[in-house]
Amino acid sequence: MSLFNRMRSEGFCADSVIVATIIPACGRAKELHTGTALHGCAVRCGVADVTCVCNALVDMYCKCGCLEMADYLFRSIRFKDVVSWSTLIAGYSQNGMYHLSVNLFAEMVNAAGLKPNSNTMASILPSLSELKLLGHGKEIHGFSLRNGLDQSKFLGSAFIDFYSRQGFVRKAETVFELMPKTDLVIWNSMVAGYAVNGDTDSALCAFRVLQKSGFKPDHVTVISVLPLCNHHSRLTQGKELHGYVVRHCMSSVCSVSNALIDMYCKCCCLEKGKEIFQLMTDRDTATYNTLISLLGKHGYEDEAIMLFDLMRTDGITPDKVTFVALLSSCSHAGLIDKGLYFYDSMLQDYNISPDKEHYSCVVDLYSRSGKLDDAWKFVSSLPEGTEIDVLGCLLGACRVHNRTDIAELVSKRIFEQNPSDPGYHILMSNIYADAGMWSDVTRIRTMIEERSLKNNTGNTLI
């Protein structure tokens, strides 16, 4: 970037190749301000309409989370190529807009009549995975085989990830076996596939085999394996991985240190987790979220709140996960006023829209303090169609505090939204039974029988 600025200061005008080369770096670094300045530079230099520059700008805006601008630029491209479509398809997927990603892929194939390449298919597979569209994923797999694209390491990696996340580990293994084992990317995908499905032994075995095959695990491999060591019985393997990280100078990789903090804290080695945090020179939102959440779960709510203050001092912007961790910490510690302060701060100071997890935490906050009237008032103020889990949280609290009056109001809303769930009917029946209201118990149980509601039978391996 400094060389580009020097070139501009000496009076040289940037061409389309230079601009298209520099802009993606702004996206990777999330430097929206610099990227926007380069967009203006492209306009002034008369290269903003060149397809490769437009593609780079779409990619930059997607990586910076500006999807509306990315879509506007995409629609303004006169001569869209496969890269143009693939870039926005990937952008939607990376930002969690899976339906839009799938719809754009369909538009590319059906309306524009373009043939997807391996990058396009690798970009759409994560969206298909999230939407559980197994059939569509298989169709894309068949297309790749018919068109000789199955040897692409990135596409092969994407298929392994796709099948693994659908729970089809054997299919993922088949793809893995058919791929040339010439790249660590393929090994990483298979290790991650085992990890996603909780197959610790296979993941650790694959980790050892890839090393024997002459590959050196990178930070992606380590991040995939470390979460499998989040238990006392695997702490030794976790420490061995930590040693590997230190020997291969990976401690400076933020995501690796985050995974180590998570592993040690979940193994009840909080001091070790905090020590790693102190040694980190580069921290991100996930770093603070991990430690705040784990400190709160272990009963160190004061330290969790102090860490949040440090997070703000360091200029790290909190996100939705941060406030779930804070609210949960305050709830378990009975810090109702502090918890409500954080909830209001999330809305007003950071303009973050709450999710069901935040609502549930606030209900739990009130409930643990015995303030069920306030909890009901809060729930009543929420938008129509509030997640039933939030209502269920309050209904459970009503049983603990013997509040049949509020339980009746809550159950009415639950039964309107989900009349076929036997669990909430049984819970309401138990609330009436605890209060000695036997006629209402009979009414609820009759309702269960008339609607043929049945709880799923539990199973045991023994």
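Colleague: Leaving aside neighbours within four places in sequence, which residues is Asn230 in contact with?

Modeller: Asp262, Met263, Lys266 and Cys267, once neighbours within four places in sequence are set aside. Contact means heavy atoms within 4.5 Å. Bear in mind that this is a predicted model: local features need pLDDT of at least 70, side-chain atom pairs count only at pLDDT 80 or more, and totals for chains, interfaces and linings use all residues. Residues are numbered from 1 along each chain as its sequence is written, and side-chain values use heavy atoms, with hydrogens and water left out.

Colleague: Where is Asn230 found?

Modeller: In the loop between helix H14 (219-225) and helix H15 (235-247). Helices (H or I, at least four residues) and strands (E, at least two) are DSSP runs, numbered from the N terminus.

Colleague: Does Asn230 count as buried or exposed?

Modeller: Buried, because its relative accessibility is 18%. The cut-offs are under 20% relative accessible area for buried and over 50% for exposed, with partly exposed in between (1.4 Å probe, protein chains only).

Colleague: What joins the side chains of Asn230 and Asp262?

Modeller: A polar contact of 3.1 Å. A polar atom of the Asn230 side chain also lies 3.2 Å from the backbone oxygen of Pro227. A polar contact is a pair of N or O atoms within 3.5 Å; within protein, one must be able to donate a hydrogen and the other to accept it, and residues adjacent in sequence count only if both atoms are side-chain atoms.

Colleague: Zooming out. How many helices and strands does the protein have?

Modeller: The count is 27 helices and zero strands. Along the principal axes, the C-alpha atoms fill a box of roughly 85 × 50 × 50 Å. Of the 462 residues, 47% count as buried.

Colleague: And what do residues 24 or more positions apart account for?

Modeller: They make up 60% of the contacts with a separation of 6 or more.

Colleague: Now the helix pairs. At what angle do H23 and H24 pack?

Modeller: About 165°, with axes 11 Å apart; H23 covers residues 372-380 and H24 covers 388-400. Axes are lines fitted to C-alpha atoms, for helices over the stretch in contact, and angles run from 0 to 180 degrees between N-to-C directions. H23 and H24 are therefore roughly antiparallel. Angles under 35 degrees count as roughly parallel, over 145 as roughly antiparallel, 65 to 115 as roughly perpendicular and the rest as oblique.

Colleague: Which residues in H23 and H24 meet?

Modeller: From H23, Leu372, Ala375, Trp376 and Val379; from H24, Val390, Leu391, Leu394, Ala397 and Cys398. By class, that contact of H23 with H24 has nine nonpolar, no polar and no charged residues. Ala, Val, Leu, Ile, Met, Phe, Trp, Tyr, Cys and Pro count as nonpolar, Asp, Glu, Lys and Arg as charged, and the others, Gly among them, as polar.

Colleague: On to H25. How far apart are the axes of H24 and H25?

Modeller: 9 Å, at an angle of about 150°; H25 spans residues 404-417. H24 and H25 are therefore roughly antiparallel. On the H24 side, Ile388, Leu391, Gly392, Leu394, Leu395 and Cys398 make the contact; on the H25 side, Ile406, Ala407, Val410, Ser411, Arg413, Ile414 and Gln417 do. The contact of H24 with H25 has nine nonpolar, three polar and one charged residues.

Colleague: What does Leu394 touch, not counting residues up to four places away in sequence?

Modeller: Val363, Ser367, Leu372, Ala375, Trp376, Val379, Ile406 and Val410. Leu394 counts as buried because its relative accessibility is 0%. Ser360 is 34 residues away from Leu394 in sequence, with 8.3 Å between their C-alpha atoms.

Colleague: Last topic, backbone. What is phi of Lys30 near?

Modeller: 55°, a positive value in a residue other than glycine. Most residues other than glycine have a negative phi. Lys30 lies in the loop between helix H2 (16-28) and helix H3 (32-44). Lys30 counts as exposed because its relative accessibility is 54%.

Colleague: And where is the place of Cys268?

Modeller: In the loop between helix H16 (254-266) and helix H17 (270-279). Cys268 is not a glycine, yet it has a positive phi of about 65°. At 51% relative accessibility, Cys268 counts as exposed.
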